[in-house]
Amino acid sequence: QVQLVESGGGLVQTGGSLRLSCAASKGTISRYAMGWFRQAPGKEREFVAAISWSGISTYYADSVKGRFTISRDNAKSTVYLQMNSLKPEDTAVYYCAADMNYRGNYYYTASIYEYDYWGQGTQVTVSS
């Protein structure tokens, strides 16, 4: 059983930066591939970024590529999402998720259906 807690959200102006954190308050995520997703009002939850358990492999949605960076610190059982050059369309609730099916050092997934545990979300609002 894993419990995930996101933090770091807030209100920022266009072009600003935020760093989200996702920590395991119960259990550990050090052996899990991790992902970040977001959900804007009236829209479905969408993939943002993913990282393999080793941190070797990362993958991004086209909409955030070059602006967002996912990373992890397994010793701290924490995953991060550095968000730069933020735009109003990045406004959403951001969720981290853990895929507990170990599939190797390079494995990651963008599929929402592969993730087993989810955090409660943190709100990111980008003002224009």
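Visitor: Which ring does Arg45 lie over, at 3.7 Å from the centre?
Guide: That's Tyr95: Arg45 lies over its face, 3.7 Å from the ring centre. Keep in mind that this is a predicted model.

Visitor: And what about Trp118, where does the charged end of Arg45 sit relative to that ring?
Guide: The charged end of Arg45 sits over the Trp118 ring as well, 4.9 Å from its centre.

Visitor: How many aromatic pairs are there in the whole structure?
Guide: A search of the whole structure turns up seven. One of them is Phe37 with Trp118, a tilted pair with 5.0 Å centre to centre and 55 degrees between the planes.

Visitor: Which parts does that pair tie together?
Guide: Phe37 is in strand 4 and Trp118 is in strand 10 (residues 117-118), so the pair ties together parts that are 81 residues apart in sequence.

Visitor: Is Phe37 buried or exposed?
Guide: Phe37 is buried, at 1% relative accessible area. Trp118 counts as partly exposed, at 27% relative accessibility.

Visitor: Which residues do the ring pairs link into a cluster?
Guide: Phe37, Phe47, Tyr59, Tyr108, Tyr115 and Trp118 are linked that way.

Visitor: Let's zoom out. What's the secondary structure of the chain?
Guide: Zero helices and eleven strands.

Visitor: What about overall dimensions, what does the C-alpha trace span?
Guide: About 40 × 25 × 25 Å along the principal axes.

Visitor: OK, the core. How many residues are in the largest nonpolar one?
Guide: It has 36 residues, and those with the most contacts inside it are Leu4, Met34, Trp36, Leu81, Met83 and Tyr94. As background, nonpolar side chains tend to be buried together in soluble globular proteins.

Visitor: Which strands each supply at least two residues of this core?
Guide: Strand 3 (18-26), strand 4 (33-39), strand 5 (46-51), strand 7 (68-73), strand 8 (78-83), strand 9 (92-99) and strand 11 (122-127).

Visitor: You mentioned Leu4. What does it stand opposite in strand 3?
Guide: Leu4 stands opposite Ala24. Strand 1 (residues 3-7) and strand 3 pair in the antiparallel sense, over five bridges.

Visitor: And how many bridges join strand 3 to strand 8?
Guide: Six, with the two strands running antiparallel. Leu20 stands opposite Leu81 of strand 8 there.

Visitor: While we're in strand 3, is Ser21 buried or exposed?
Guide: Ser21, which is found in strand 3, is buried at 16% relative accessible area. Skipping neighbours within four places in sequence, Ser21 is in contact with Val5, Glu6, Ser7, Trp36, Thr78, Val79 and Tyr80.

Visitor: What about Asp73, which residues is it in contact with beyond four places in sequence?
Guide: Thr78 and Tyr80. Asp73 is found in strand 7 and counts as partly exposed, at 25% relative accessibility.

Visitor: Switching to strand 5: why is it largely enclosed by the rest of the structure?
Guide: Because five of its six residues are buried.

Visitor: What does strand 5 pair with?
Guide: Strand 4 and strand 5 pair in the antiparallel sense over five bridges, with Gly35 standing opposite Ala50. Strand 5 and strand 6 pair antiparallel too, over three bridges, and there the bridge partner of Ala50 is Tyr59.

Visitor: Which residue has a positive phi in the turn between strand 4 and strand 5?
Guide: Gly42, at about 75 degrees, in a hairpin with six residues between the strands. In the hairpin of strand 5 and strand 6, which has six residues between the strands, Gly55 takes a positive phi near 85 degrees.

Visitor: Last one: where is Ser54?
Guide: Ser54 is in the loop between strand 5 and strand 6 (58-60), and counts as partly exposed at 27% relative accessibility. Ser54 and Gly104 are 50 residues apart in sequence and 8.6 Å apart in space, C-alpha to C-alpha.

Note on methods
Residues are numbered from 1 along each chain as its sequence is written. This is a predicted model: local features need pLDDT of at least 70, side-chain atom pairs count only at pLDDT 80 or more; totals for chains, interfaces and linings use all residues. Side-chain values use heavy atoms; hydrogens and water are left out. A nonpolar core is a set of buried Ala, Val, Leu, Ile, Met, Phe, Trp, Tyr and Cys residues joined through side-chain atoms within 4.5 Å. Buried means under 20% relative accessible area, exposed over 50%, partly exposed in between (1.4 Å probe, protein chains only). Helices (H or I, at least four residues) and strands (E, at least two) are DSSP runs, numbered from the N terminus. Rings of Phe, Tyr and Trp (its six-membered ring) pair if their centres lie within 6.5 Å; planes under 30 degrees apart count as stacked, over 60 as edge-to-face and the rest as tilted. A charge sits over a ring if NZ of Lys or CZ of Arg is within 6 Å of the ring centre and within 35 degrees of the ring normal. Two strands pair if DSSP finds at least two bridges between them. Contact means heavy atoms within 4.5 Å.
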